[in-house]
Amino acid sequence: MHGKVSQMPCGPIRLFHLSDIHFGLEDRRAIAWAKECIEGERPDAVAITGDLTMRARSREFKAACEWITALDVPVTVEVGNHDIPYFNLYQRFFAPYRRFRAIESLVESQLDLPNLAIVPLRTTTRAQYQRFPWSNGWVTERALAHCLEAIDAQPEGTRVLVAAHHPLTERRERDNKLLTINGTKTMEALAGRKVMAILSGHIHDPFDLVAQTSAGPLRMVGAGTLSRRIRSTPPSFNEIIIDGDDLRVEARNLEHVATPAMQIPEVPENALPPREPGDPVSPVGTVPSVDPPVN
Ligand SMILES: [Fe+2]
Ligand SMILES: [Fe+2]
């Protein structure tokens, strides 16, 4: 298991895109199955788009790091809003990534696959002066510059995927509510650079949408959750096949629900189950009758 990749045979590339495992509230059956799939099928890489833990507790990180280090394939890990210390404010502000030590080299690491780079984009912040709570995304100027610099450093013709925790949608369609700060500007910059797709988590339902930006279209691929905090779909992960300029997504799940029935039609505010009229619900509609615990 490592964060960088050496030469591999050319041809289609297969990625497993996992998200929101939320150790502490993980779905044990789902993570055992995901691990079995990784071990048995050996994808070219695994991208985990954040929320490894529930409350960033040391014991949750220990379980997450053990699970991830046992994967014998290249892995990149994004930081989710649940992965920043919640109870220990000193650590939250001064050493927010200390608990990732065991997988340090994988966190926000770029993966270089044959003619394809997976470039990280940080969307999680320690605090947001614009609002409270701080669970939604913010692409700071620094985070955006860092990501664009990495994209611009790629050799001509390299295909690029960007991995982030939060979807980049800046405003909720229904009422214009602010979701990811600087999301629109970031999407324009990525679309202008012909990024193949932005991979994200946070929502706990999968999606595969195209955002129209002033710089052209941008594909947005969200992975579901492998935790018990389900929103409107059973636990799942995305299998992504990149074949030339083609990118195909399958939302794999233990219930054998077909991908079109798993994917939500727009980006909601958060991972809470749809309760209000107008909240997007997946066609399979596996909405829990009570909201999942947030301990
Ligand atoms: Fe989450
Ligand atoms: Fe999240």
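This is a predicted model: local features need pLDDT of at least 70, side-chain atom pairs count only at pLDDT 80 or more; totals for chains, interfaces and linings use all residues.
I begin with helix α2, which runs over residues 58–69. Which residues of α2 are buried? They are E60, F61, A64, C65 and I68. These residues lie on the same side of α2, because the arc they cover around the axis is only 125 degrees. That buried side packs against β3, residues 75–77. On the face turned away from it, α2 carries the exposed residues R59 and E66.

I turn next to the core. The largest nonpolar core has 70 residues, and the members that touch the most others are L18, V162 and I198. Leaving aside residues up to four places away in sequence, I198 touches V162, A164, L168, L190, L218 and M220.

E108, which is not a glycine, has a positive phi near 50 degrees. Where does E108 sit? Its place is the loop between α3, residues 89–94, and β4, residues 111–113. E108 counts as buried because it has 21 C-beta neighbours inside 10 Å, and the cut-off is 20 or more.

H204 is likewise not a glycine, and its phi is positive, at about 75 degrees. H204 belongs to strand β7, residues 197–204. With 29 other C-beta atoms within 10 Å, H204 is therefore buried.

Thank you for your attention.

How values were computed: Residues are numbered from 1 along each chain as its sequence is written. Chains are lettered from A and ligands numbered from 1 in the order in which they are written. Helices (H or I, at least four residues) and strands (E, at least two) are DSSP runs, numbered from the N terminus. The expected span of a helix is 1.5 Å times one less than its number of residues. A residue is buried if 20 or more other C-beta atoms lie within 10 Å of its own, exposed if 12 or fewer, and partly exposed in between; C-beta atoms are placed from the backbone. The arc is that of the directions from the helix axis to the C-beta atoms. Two residues are in contact if their C-beta atoms, placed from the backbone, lie within 7 Å. A nonpolar core is a set of buried Ala, Val, Leu, Ile, Met, Phe, Trp, Tyr and Cys residues joined through C-beta atoms within 7 Å.
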